[in-house]
Protein chains: 2
Amino acid sequence: MQTSTIRLTGPLDPRGGWAAANCPIARTLDLVGTRSALLLLREAFYGTTRFADFAERVGISEPVAAARLRELADHGLVERVPYQEPGQRTRMEYRLTDKGADLFPALVALMQWGERWLGPAGVELRHHECGHPVRATLTCTAGHQPAIADVDLVLRSSRATAPGTP
Amino acid sequence: MQTSTIRLTGPLDPRGGWAAANCPIARTLDLVGTRSALLLLREAFYGTTRFADFAERVGISEPVAAARLRELADHGLVERVPYQEPGQRTRMEYRLTDKGADLFPALVALMQWGERWLGPAGVELRHHECGHPVRATLTCTAGHQPAIADVDLVLRSSRATAPGTP
DNA sequence: CATCTAGCTAAAGTGAATACAAGCCAGAGG
DNA sequence: CCTCTGGCTTGTATTCACTTTAGCTAGATG
């Protein structure tokens, strides 16, 4: 065993017969697994709300932006909100829902990986109040920051919830 | 301004003219932006090392597994290591490098998002020593866990590094 | 009423990612 | 030397993300 794999416990080890079909990573990728979807979410985090801005800033064509934003809206990651500027007709803007905003750690993790391993792009996240860099890190609910080798993957048997989890 | 966007500072606000071309998220997705690549990395974290196991457990065809693993190896996320079981010929196995292992927080973030928003798949990560659930969270180097609205996106001007950053 | 614009939609085509089927190769066992 | 098995490679076909181009629509403006 090396240090970059997690430990499998219970019925997962040996894990020959585990169904990867309901793997939560795979199911998440079914929704946001395309480049355009993740980059649209990035733009939404940057505060972009309008259709044309999404298409232009992500660098995708309008048909793709329309299709992807519709998918994200259908799945509840963004919501279409009517708004009206004075002297303008009513328009739609796209705003992140809680469900969409909850993907922020994933985007931050991808961002910091790119910064670290593909050369600095010159962008950085900082905590507004203290100014320190913000990272996506593994933290257990007791406050530790475990290494990969200290992480267990366990199968929950239906109702058994972990300490501190609703 | 709402609570699910980060604050843009400096030349990014207003951000009309920022080049998304060198966005670290986009560059990361160029390497691991396909479903098969991320699921192969998931399998590597689960401890899978052998070609046929990768293809079967991820649920992709062997040609795709071969192509994707070669890409991951070319970019240094996995390495091909010869090994020999007693009485067997020399074979190759694929092992995560530090570069590949550093994507773990991203996968954990995607995993926990799927668990939370797409219904529980029944898998959970726990800290081996204390047993508490492990999460991918945003943490600044001072130890705070900022909300999205408390995160600034800043442009670093070449050599200016943040406090505490190498 | 005619025009203009933001916000899309429709149609056609390209290239990449994937599946499926088949075959190749290197060596250990017989 | 023949076979078997793990680790691929080489087809062919399909699906899907995406691009390009073009057009449509609701309402503000002239």
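**Exercises on a two-chain model**

In the bridge pattern of β5(B), A136(B) is the partner of L138(A). The model that contains this pair is predicted.

**Exercise 1. Strand pairing between the chains**

Task: State in which sense, and over how many bridges, β5 of chain A and β5 of chain B pair.

Solution. Step 1: locate the two strands; β5 spans residues 134–140 in chain A and residues 134–140 in chain B. Step 2: take one bridge as an example, that of L138(A) with A136(B). Step 3: read the sense and the extent of the pairing, which is antiparallel over seven bridges.

**Exercise 2. An open sheet with strands from both chains**

Task: Determine the strand order of the open sheet of three strands, and identify its edge strands.

Solution. Step 1: write the order, which is β4(A)-β6(B)-β1(B), with mixed pairing. Step 2: find the strands that pair on one side only; these edge strands are β4 (123–127) of chain A and β1 (7–8) of chain B. Step 3: examine the pairing of β1(B) with β6(B), residues 151–155, which is parallel and has two bridges. Within this part of the sheet, D152(B) of β6(B) lies opposite R7(B).

**Exercise 3. The contact surface**

Task: Describe the side of chain B that touches chain A by its number of residues, its main contributing element and its residue classes.

Solution. Step 1: count the residues in contact, taking C-beta atoms within 7 Å as the criterion; 82 residues of chain B meet 83 residues of chain A. Step 2: assign the residues of chain B to elements; helix α6 (residues 104–117) of chain B gives the largest share, 13 residues.

**Exercise 4. The fold of chain A and the burial of α2**

Task: Summarise the elements of chain A, and explain why α2(A) is described as largely enclosed.

Solution. Step 2: consider chain A as a whole; of its 166 residues, 40% are buried. Of the contacts in chain A between residues at least 6 apart in sequence, 44% connect residues at least 24 apart. Step 3: turn to α2(A), residues 35–45; because 10 of its 11 residues are buried, this helix is largely enclosed by the rest of the structure. The buried residues include L38(A), L41(A), R42(A), E43(A) and F45(A). Step 4: inspect what comes after the helix; α2(A) is followed by G47(A), which has a positive phi near 105°.

Note on methods: Residues are numbered from 1 along each chain as its sequence is written. Chains are lettered from A and ligands numbered from 1 in the order in which they are written. This is a predicted model: local features need pLDDT of at least 70, side-chain atom pairs count only at pLDDT 80 or more; totals for chains, interfaces and linings use all residues. Two residues are in contact if their C-beta atoms, placed from the backbone, lie within 7 Å. Helices (H or I, at least four residues) and strands (E, at least two) are DSSP runs, numbered from the N terminus. Ala, Val, Leu, Ile, Met, Phe, Trp, Tyr, Cys and Pro count as nonpolar, Asp, Glu, Lys and Arg as charged, and the others, Gly among them, as polar. Two strands pair if DSSP finds at least two bridges between them. A residue is buried if 20 or more other C-beta atoms lie within 10 Å of its own, exposed if 12 or fewer, and partly exposed in between; C-beta atoms are placed from the backbone.
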